[in-house]
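Have the viewer open as you read.

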Amino acid sequence: MDRSSPVPLYFQLSQQLEAAIEKGRLAPGSLLGNEIDLAGRLGLSRPTVRQAIQSLVDKGLLVRRRGVGTQVVHSQVKRPLELSSLYDDLEAAGQRPATRVLHNAVEPASAEVAAALGIAEGADVHRVERLRLAHDEPMAYLCNHLPVGLLAPETARLEATGLYRLMRAAGTTLHSARQTVGARAAAPQEAELLAEPEGAPLLTMARTTFDDTGRAVEFGSHIYRASRYSFEFQLLVRP
(Lines give C-alpha, C1' and ligand atoms only; values in the text may rest on other atoms or scores of the structure.)
Protein backbone atom coordinates (compact mmCIF):
# COMPACT_ATOMS: atom_id res chain seq x y z
CA MET A 1 0.00 0.00 0.00
CA ASP A 2 1.23 3.48 -0.87
CA ARG A 3 0.18 5.57 2.10
CA SER A 4 1.54 8.74 0.49
CA SER A 5 -0.74 8.34 -2.53
CA PRO A 6 -3.95 10.39 -2.83
CA VAL A 7 -5.68 7.15 -3.91
CA PRO A 8 -7.68 5.80 -0.94
CA LEU A 9 -6.20 2.73 0.74
CA TYR A 10 -9.40 0.71 0.33
CA PHE A 11 -9.27 1.33 -3.44
CA GLN A 12 -5.60 0.34 -3.63
CA LEU A 13 -6.41 -2.90 -1.80
CA SER A 14 -9.44 -3.65 -3.97
CA GLN A 15 -7.36 -3.11 -7.14
CA GLN A 16 -4.64 -5.47 -5.89
CA LEU A 17 -7.18 -8.14 -4.99
CA GLU A 18 -8.97 -7.74 -8.34
CA ALA A 19 -5.66 -8.11 -10.22
CA ALA A 20 -4.85 -11.24 -8.21
CA ILE A 21 -8.24 -12.73 -9.10
CA GLU A 22 -8.00 -11.91 -12.80
CA LYS A 23 -4.43 -13.29 -13.06
CA GLY A 24 -5.36 -16.49 -11.23
CA ARG A 25 -3.26 -15.88 -8.11
CA LEU A 26 -6.52 -16.02 -6.16
CA ALA A 27 -8.29 -18.97 -7.75
CA PRO A 28 -12.10 -19.38 -7.86
CA GLY A 29 -13.22 -20.95 -4.60
CA SER A 30 -10.36 -19.48 -2.59
CA LEU A 31 -11.26 -18.12 0.82
CA LEU A 32 -10.01 -14.76 2.04
CA GLY A 33 -9.14 -14.43 5.68
CA ASN A 34 -11.64 -12.64 7.88
CA GLU A 35 -11.52 -8.87 7.99
CA ILE A 36 -9.73 -8.73 11.33
CA ASP A 37 -6.94 -11.08 10.17
CA LEU A 38 -6.56 -9.26 6.85
CA ALA A 39 -6.43 -5.88 8.54
CA GLY A 40 -3.78 -7.14 10.94
CA ARG A 41 -1.60 -8.71 8.22
CA LEU A 42 -1.81 -5.64 5.98
CA GLY A 43 -1.56 -3.01 8.70
CA LEU A 44 -4.88 -1.49 7.70
CA SER A 45 -8.00 -0.62 9.63
CA ARG A 46 -10.91 -3.03 9.60
CA PRO A 47 -13.27 -0.48 7.93
CA THR A 48 -10.71 -0.03 5.11
CA VAL A 49 -10.56 -3.80 4.49
CA ARG A 50 -14.36 -4.10 4.74
CA GLN A 51 -14.83 -1.34 2.14
CA ALA A 52 -12.33 -2.96 -0.25
CA ILE A 53 -14.01 -6.34 0.05
CA GLN A 54 -17.48 -4.85 -0.38
CA SER A 55 -16.42 -3.14 -3.62
CA LEU A 56 -15.39 -6.53 -5.03
CA VAL A 57 -18.58 -8.16 -3.75
CA ASP A 58 -20.50 -5.45 -5.64
CA LYS A 59 -18.50 -6.29 -8.80
CA GLY A 60 -19.34 -9.97 -8.44
CA LEU A 61 -15.73 -11.06 -7.86
CA LEU A 62 -16.24 -12.05 -4.22
CA VAL A 63 -19.19 -13.49 -2.39
CA ARG A 64 -19.91 -13.66 1.33
CA ARG A 65 -21.23 -17.07 2.39
CA ARG A 66 -22.70 -17.60 5.85
CA GLY A 67 -20.61 -20.09 7.79
CA VAL A 68 -17.92 -20.15 5.08
CA GLY A 69 -16.52 -16.64 4.78
CA THR A 70 -15.60 -14.44 1.84
CA GLN A 71 -14.94 -16.52 -1.26
CA VAL A 72 -13.52 -15.79 -4.70
CA VAL A 73 -15.86 -16.45 -7.62
CA HIS A 74 -14.93 -16.59 -11.31
CA SER A 75 -13.77 -13.23 -12.60
CA GLN A 76 -15.89 -11.53 -15.24
CA VAL A 77 -14.63 -12.01 -18.77
CA LYS A 78 -13.77 -8.67 -20.39
CA ARG A 79 -13.67 -8.97 -24.16
CA PRO A 80 -12.17 -6.25 -26.36
CA LEU A 81 -14.32 -5.24 -29.32
CA GLU A 82 -12.09 -6.57 -32.07
CA LEU A 83 -12.22 -9.35 -34.65
CA SER A 84 -11.39 -12.27 -32.39
CA SER A 85 -12.90 -15.57 -31.33
CA LEU A 86 -14.56 -15.96 -27.94
CA TYR A 87 -12.72 -19.28 -27.61
CA ASP A 88 -9.35 -17.56 -28.13
CA ASP A 89 -10.26 -14.73 -25.73
CA LEU A 90 -11.27 -17.15 -23.00
CA GLU A 91 -8.16 -19.27 -23.51
CA ALA A 92 -5.91 -16.20 -23.39
CA ALA A 93 -7.57 -15.14 -20.13
CA GLY A 94 -6.93 -18.57 -18.58
CA GLN A 95 -10.66 -19.29 -18.41
CA ARG A 96 -10.49 -22.94 -19.65
CA PRO A 97 -13.00 -22.75 -22.52
CA ALA A 98 -15.19 -25.66 -23.55
CA THR A 99 -17.92 -26.03 -26.17
CA ARG A 100 -21.14 -27.99 -26.41
CA VAL A 101 -22.55 -28.19 -29.94
CA LEU A 102 -26.35 -27.96 -29.84
CA HIS A 103 -27.08 -27.96 -33.58
CA ASN A 104 -24.96 -28.49 -36.70
CA ALA A 105 -26.74 -28.86 -40.04
CA VAL A 106 -27.22 -27.44 -43.53
CA GLU A 107 -30.53 -25.60 -43.90
CA PRO A 108 -32.15 -22.83 -45.96
CA ALA A 109 -31.05 -19.27 -45.21
CA SER A 110 -33.64 -16.98 -43.66
CA ALA A 111 -34.12 -13.49 -45.06
CA GLU A 112 -31.91 -12.01 -42.30
CA VAL A 113 -29.10 -14.52 -42.85
CA ALA A 114 -29.32 -14.18 -46.64
CA ALA A 115 -29.06 -10.38 -46.43
CA ALA A 116 -26.06 -10.60 -44.09
CA LEU A 117 -24.18 -13.11 -46.26
CA GLY A 118 -25.19 -11.62 -49.59
CA ILE A 119 -26.85 -14.79 -50.87
CA ALA A 120 -30.33 -15.70 -52.06
CA GLU A 121 -33.01 -16.32 -49.45
CA GLY A 122 -33.50 -20.07 -49.13
CA ALA A 123 -29.96 -20.89 -50.29
CA ASP A 124 -28.18 -23.56 -48.26
CA VAL A 125 -26.04 -22.45 -45.32
CA HIS A 126 -24.35 -24.25 -42.45
CA ARG A 127 -26.09 -23.37 -39.19
CA VAL A 128 -24.09 -24.08 -36.04
CA GLU A 129 -25.43 -23.50 -32.51
CA ARG A 130 -23.04 -23.81 -29.58
CA LEU A 131 -22.97 -23.26 -25.85
CA ARG A 132 -19.62 -21.83 -24.78
CA LEU A 133 -18.47 -22.58 -21.24
CA ALA A 134 -15.61 -21.41 -19.05
CA HIS A 135 -14.57 -23.45 -16.02
CA ASP A 136 -17.59 -25.66 -16.86
CA GLU A 137 -19.93 -22.68 -16.38
CA PRO A 138 -22.15 -21.43 -19.26
CA MET A 139 -20.95 -18.12 -20.69
CA ALA A 140 -22.59 -17.62 -24.07
CA TYR A 141 -24.94 -19.06 -26.66
CA LEU A 142 -23.52 -18.75 -30.18
CA CYS A 143 -25.46 -19.18 -33.43
CA ASN A 144 -23.35 -18.95 -36.60
CA HIS A 145 -24.22 -19.27 -40.29
CA LEU A 146 -21.57 -20.08 -42.91
CA PRO A 147 -21.85 -20.26 -46.71
CA VAL A 148 -21.81 -23.86 -47.93
CA GLY A 149 -18.44 -24.87 -49.39
CA LEU A 150 -16.42 -22.58 -47.12
CA LEU A 151 -15.87 -25.09 -44.33
CA ALA A 152 -17.14 -28.51 -43.29
CA PRO A 153 -17.75 -27.79 -39.59
CA GLU A 154 -17.55 -31.24 -37.97
CA THR A 155 -19.10 -31.37 -34.51
CA ALA A 156 -16.04 -32.97 -32.89
CA ARG A 157 -13.76 -30.23 -34.22
CA LEU A 158 -16.18 -27.50 -33.17
CA GLU A 159 -16.13 -28.87 -29.63
CA ALA A 160 -12.32 -29.00 -29.61
CA THR A 161 -11.50 -25.45 -30.76
CA GLY A 162 -12.87 -22.13 -31.97
CA LEU A 163 -14.73 -21.53 -35.22
CA TYR A 164 -12.31 -18.83 -36.43
CA ARG A 165 -9.37 -21.20 -35.95
CA LEU A 166 -11.12 -23.75 -38.13
CA MET A 167 -11.88 -21.13 -40.77
CA ARG A 168 -8.27 -19.97 -40.87
CA ALA A 169 -7.04 -23.56 -41.05
CA ALA A 170 -9.33 -24.07 -44.06
CA GLY A 171 -7.64 -21.16 -45.86
CA THR A 172 -10.03 -18.29 -45.07
CA THR A 173 -8.34 -14.95 -44.33
CA LEU A 174 -10.53 -13.02 -41.88
CA HIS A 175 -10.19 -9.33 -42.65
CA SER A 176 -12.97 -7.26 -41.07
CA ALA A 177 -16.43 -7.39 -39.54
CA ARG A 178 -19.57 -5.33 -39.06
CA GLN A 179 -20.90 -5.73 -35.54
CA THR A 180 -23.84 -4.55 -33.44
CA VAL A 181 -23.94 -4.89 -29.65
CA GLY A 182 -27.15 -4.67 -27.62
CA ALA A 183 -28.91 -5.96 -24.51
CA ARG A 184 -32.21 -7.56 -23.53
CA ALA A 185 -33.83 -9.72 -20.87
CA ALA A 186 -33.43 -13.50 -20.93
CA ALA A 187 -36.37 -15.51 -22.27
CA PRO A 188 -37.20 -18.72 -20.33
CA GLN A 189 -35.29 -21.07 -22.67
CA GLU A 190 -32.26 -18.76 -22.78
CA ALA A 191 -32.26 -18.41 -19.00
CA GLU A 192 -32.26 -22.18 -18.57
CA LEU A 193 -29.48 -22.64 -21.11
CA LEU A 194 -27.24 -20.00 -19.52
CA ALA A 195 -28.05 -20.82 -15.88
CA GLU A 196 -29.57 -17.40 -15.26
CA PRO A 197 -32.97 -16.44 -13.80
CA GLU A 198 -35.69 -15.60 -16.31
CA GLY A 199 -35.52 -11.91 -17.19
CA ALA A 200 -31.82 -11.61 -16.29
CA PRO A 201 -29.88 -9.10 -18.42
CA LEU A 202 -28.12 -10.53 -21.47
CA LEU A 203 -25.67 -8.89 -23.84
CA THR A 204 -26.33 -9.49 -27.53
CA MET A 205 -24.02 -9.31 -30.52
CA ALA A 206 -24.71 -9.67 -34.24
CA ARG A 207 -21.63 -9.87 -36.46
CA THR A 208 -21.00 -10.28 -40.18
CA THR A 209 -17.40 -11.21 -40.95
CA PHE A 210 -15.65 -10.60 -44.29
CA ASP A 211 -12.55 -12.13 -45.83
CA ASP A 212 -9.76 -10.24 -47.61
CA THR A 213 -11.74 -10.22 -50.87
CA GLY A 214 -14.73 -8.50 -49.23
CA ARG A 215 -16.89 -11.65 -49.28
CA ALA A 216 -19.14 -12.28 -46.26
CA VAL A 217 -17.93 -15.57 -44.74
CA GLU A 218 -19.86 -15.74 -41.46
CA PHE A 219 -22.93 -14.28 -39.79
CA GLY A 220 -23.18 -14.74 -36.04
CA SER A 221 -25.94 -13.97 -33.55
CA HIS A 222 -24.73 -14.40 -29.96
CA ILE A 223 -26.01 -13.83 -26.43
CA TYR A 224 -23.81 -13.50 -23.33
CA ARG A 225 -24.46 -13.52 -19.58
CA ALA A 226 -24.10 -9.92 -18.45
CA SER A 227 -23.24 -11.17 -14.95
CA ARG A 228 -20.12 -12.90 -16.29
CA TYR A 229 -19.23 -10.99 -19.40
CA SER A 230 -18.58 -7.48 -20.67
CA PHE A 231 -17.32 -5.75 -23.80
CA GLU A 232 -14.44 -3.27 -23.62
CA PHE A 233 -14.13 -0.24 -25.90
CA GLN A 234 -11.05 1.86 -26.59
CA LEU A 235 -12.04 5.38 -27.57
CA LEU A 236 -9.68 7.78 -29.33
CA VAL A 237 -10.03 11.55 -29.49
CA ARG A 238 -10.58 12.74 -33.06
CA PRO A 239 -7.96 15.31 -34.06
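In strand β9, Ile-223 is the bridge partner of Tyr-141. That pair belongs to the 6 bridges that join β6 to β9 (residues 216-225), two strands that run antiparallel; strands count as paired if DSSP finds at least two bridges between them. Helices (H or I, at least four residues) and strands (E, at least two) are DSSP runs, numbered from the N terminus.

A word on the ground rules: this is a predicted model, where local features need pLDDT of at least 70 and side-chain atom pairs count only at pLDDT 80 or more, while totals for chains, interfaces and linings use all residues. Residues are numbered from 1 along each chain as its sequence is written, and side-chain values use heavy atoms, with hydrogens and water left out.

Now look at the other neighbour, β5 (residues 124-134), which pairs with β6 in the antiparallel sense over 10 bridges. Here Arg-132 stands opposite Ala-140 of β6. The two strands form a hairpin with 2 residues between them, and His-135 in the turn has a positive phi of about 55 degrees.

How many residues of β6 are buried? The count is 11 of the 11, so β6 is largely enclosed by the rest of the structure. Buried means under 20% relative accessible area, exposed over 50%, and partly exposed in between (1.4 Å probe, protein chains only).

His-145, within β6 (residues 137-147), is buried with a relative accessible area of 9%. Its contacts (heavy atoms within 4.5 Å) include Val-113, His-126, Glu-218 and Phe-219, not counting residues up to four places away in sequence.
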